Amino acid sequence: MSERMSCRELLEFLDDYLAGELETAVRSEFETHLAQCPYCRDYLQTYRDAIRLGRSLCDDPQAQVPDEVPEQLVQAILAAREKG
C-alpha cells in the first residue's frame, strides 16, 4: 500500500473497517483518508445506509423504507434480492 491511502485502496478495506478487523496502522490511514475526503465519507455513509436497509428488510419484510433512502438504492436492493 502507498504512503497515503487512495480512494480505491479505501474501498478495498471497507468491509474490514466496518467489521472492526483492520490492523491499527491501516485503520489509522483509513480514518485519515476519510477525514480528508468528503467523497469517501459520503460513500461510507451510503454503504452503511445500504447495509442498514438490507438488514431491516431481512428482519421485517413488512418494514417501511425510510424517506431519506434514495429510490434507486431501494430498487437496486430489491433487484439483487430477486436474483437470489
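The structure is a predicted model, in which local features need a pLDDT of at least 70 and side-chain atom pairs count only at pLDDT 80 or more, while totals for chains, interfaces and linings use all residues. Residues are numbered from 1 along each chain as its sequence is written, and side-chain values use heavy atoms, with hydrogens and water left out.

**The chain as a whole**

Helices (H or I, at least four residues) and strands (E, at least two) are DSSP runs, numbered from the N terminus. The chain averages a pLDDT of 84, with 87% of the residues scoring at least 70, where pLDDT is the predictor's confidence in each residue, from 0 to 100. Confidence is highest in α2, at 94, and lowest in helix α4 (residues 71-83), at a mean of 81. Where pLDDT is low, the predicted coordinates should not be read in detail.

Of the 84 residues of the chain, 24% count as buried; buried means under 20% relative accessible area, exposed means over 50%, and partly exposed lies in between (1.4 Å probe, protein chains only). The accessible surface of the chain comes to about 6400 Å², of which 49% belongs to carbon and sulfur atoms; such areas come from the Shrake-Rupley method with a 1.4 Å probe, and for residues only the protein chains shown count as cover. Among the contacts in the chain with a separation of 6 or more, 45% are accounted for by residues 24 or more positions apart, a contact meaning heavy atoms within 4.5 Å.

| Helix | Number of residues | First to last C-alpha | Expected span |
|---|---|---|---|
| α1 | twelve residues | 16 Å | 16 Å |
| α2 | 13 residues | 19 Å | 18 Å |
| α4 | 13 residues | 19 Å | 18 Å |

In α1, the buried residues are E9, L10, F13, L14 and Y17. They cover an arc of only 165° around the axis, which puts them on the same side of α1, the arc being that of the directions from the helix axis to the C-beta atoms. The face of α1 turned away from its buried side carries the exposed residues R8 and E12. Just after α1, G20 takes a positive phi of about 75°.

In α2, V26, F30, H33 and L34 are buried. Seen down the axis of α2, these buried residues fall within an arc of 100°, so they line one face of the helix. The exposed residues T24, A25 and A35 are carried on the face of α2 turned away from its buried side.

In α4, L73, V74 and I77 are buried. Here too the buried residues fall within an arc of 100° when seen down the axis of α4, so they line one face of the helix. On the other side of α4, E71, Q72, E82 and K83 are exposed.

**H33 in helix α2**

H33 is found in helix α2, which runs over residues 24-36. With a relative accessibility of 7%, H33 counts as buried. When its neighbours within four places in sequence are left aside, H33 is in contact with M5, S6, C7, L10 and C40.

**Two salt bridges**

Side chains of opposite charge can pair when their charged atoms come close. A search of the whole structure finds two salt bridges, a salt bridge being a side-chain nitrogen of Lys or Arg within 4 Å of a carboxyl oxygen of Asp or Glu.

One of these joins R27 to E31, with the closest N and O atoms 3.2 Å apart. R27 and E31 both lie in helix α2, four residues apart, about one turn of the helix. R27 is partly exposed, with a relative accessible area of 29%, and E31 is also partly exposed, with a relative accessible area of 33%.

In the other salt bridge, D49 pairs with R52, and the closest N and O atoms are 3.5 Å apart. Because D49 and R52 are three residues apart in helix α3 (residues 38-59), they are separated by about one helical turn. D49 counts as partly exposed at 23% relative accessibility, and R52 counts as partly exposed at 37%.

Notes: Expected span 1.5 Å × (residues − 1).
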